[in-house]
Amino acid sequence: MKVLIKGICGLAALCLAASCKNNDEDFDATGIFESTEVIVSSEANGKIMALNMEEGDVLKQGQFVGYVDSVQLYLKKEQLEANLRSIGSKREDVAKQVAATREQIAKAEIERNRCVNLLKQDAGTQKQVDDAESQLAVLRKQLAAQLSTLNNANQGVSDEGDATKVQIMQTDDQLEKCRITSPMEGTVLTKYAEQGEVTTQGKPLFKIADMQHIFLRAYVSSDQLSAVKLGQQVKVYADYGEEDRKEYAGKITWISNQAEFTPKTIQTRDERANLVYAVKIAVKNDGKLKLGMYGEVKFK
């Protein structure tokens, strides 16, 4: 009788253990929670005059957090604006420059008309008319030459002024790049630089991540691939340890079109599978999910 009882107890214990194991592995795939991360680098060379943020701070998109020394760029812009004003003073007043020639032409036209009238009245000669016409033609050519020279000179001044304006725009762009702003709304994960340090273009300043909208990167076998599709609603479970799991609503937003070897830290339903496909499942964070945490997913 004692042997029978012991046998029954042992069988119950095995069933209970098997049941617990099945519950623990009641998922289709596992993965790690990730997010969209951006490393913000310096766009200017110089000393960091201010960098007002710390790791863990939540920044808004476009929020100003610091700037790089821009005194030399500001002085360069002042110089360019002074040059632009100087260039503007070189412009010729075409109307004043040709006023005398136009007056000569007006008098020559009057003289030509007078000679023509005298010729009609047989009081003048054809030579007088020809001389008046010739003088008028010379003056008109002089006017055309003056206008061409003055317009070309003014065009050169305009081109020089346009080039200076472009340089001012370039300086404005460089000044804007001295400002350090957040490219997205998110949480500062890492701060790479401090106020007072000298930075260069491309040097990382801080890393920020969108912690509100994170995703679970999981892996599925080729047998499971037919059961998943873009936009599919799934259940995601965050593993907080000590059998504490919380369910989240998830949505498949990306499925890899290339197979890869199973990462060592990832489990699938068929652990014998060597080649798997990565999928991304979007999850809205309630503040409890952390990057690098393990998660589980059920597709059905």
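**Close-up 1. Helix H4 (residues 99-120) crosses H5 at roughly 160°.** This view comes from a predicted model. The axes of H4 and H5 come within 9 Å. Angles over 145 degrees count as roughly antiparallel, so H4 is roughly antiparallel to H5. The crossing of this pair is left-handed.

**Close-up 2. Side by side, H4 and H5 meet through residues from both helices.** H4 brings Thr101, Arg102, Gln104, Ile105, Ala108, Glu109, Glu111, Arg112, Cys115, Val116 and Leu119. H5 answers with Gln126, Gln128, Val129, Ala132, Glu133, Leu136, Leu139, Arg140, Leu143, Gln146 and Leu147. By class, this contact holds 11 nonpolar, five polar and six charged residues.

**Close-up 3. Helix H2 (residues 71-88) also crosses H5 (residues 126-177), at roughly 165°.** The two axes come within 9 Å. That angle makes H2 roughly antiparallel to H5. H2 and H5 cross in a left-handed sense.

**Close-up 4. Residues of H2 meet residues of H5.** From H2 come Leu73, Tyr74, Lys76, Lys77, Leu80, Glu81, Leu84 and Ile87. Their partners in H5 include Val157, Glu160, Gly161, Thr164, Lys165 and Gln167. Ile168, Thr171, Asp172, Gln174 and Leu175 of H5 take part too. The contact of H2 with H5 has eight nonpolar, five polar and six charged residues.

**Close-up 5. A lysine sits over a tryptophan ring.** The residues are Lys280 and Trp254. The charged end of Lys280 lies 5.5 Å from the centre of the Trp254 ring. What does a search of the whole structure find for aromatic pairs? The count is zero.

Terms used
Residues are numbered from 1 along each chain as its sequence is written. This is a predicted model: local features need pLDDT of at least 70, side-chain atom pairs count only at pLDDT 80 or more; totals for chains, interfaces and linings use all residues. Side-chain values use heavy atoms; hydrogens and water are left out. Axes are lines fitted to C-alpha atoms, for helices over the stretch in contact, and angles run from 0 to 180 degrees between N-to-C directions. Helices (H or I, at least four residues) and strands (E, at least two) are DSSP runs, numbered from the N terminus. Angles under 35 degrees count as roughly parallel, over 145 as roughly antiparallel, 65 to 115 as roughly perpendicular and the rest as oblique. A crossing is left-handed if the near helix is turned anticlockwise from the far one by less than a right angle, and right-handed if clockwise. Contact means heavy atoms within 4.5 Å. Ala, Val, Leu, Ile, Met, Phe, Trp, Tyr, Cys and Pro count as nonpolar, Asp, Glu, Lys and Arg as charged, and the others, Gly among them, as polar. Rings of Phe, Tyr and Trp (its six-membered ring) pair if their centres lie within 6.5 Å; planes under 30 degrees apart count as stacked, over 60 as edge-to-face and the rest as tilted. A charge sits over a ring if NZ of Lys or CZ of Arg is within 6 Å of the ring centre and within 35 degrees of the ring normal.
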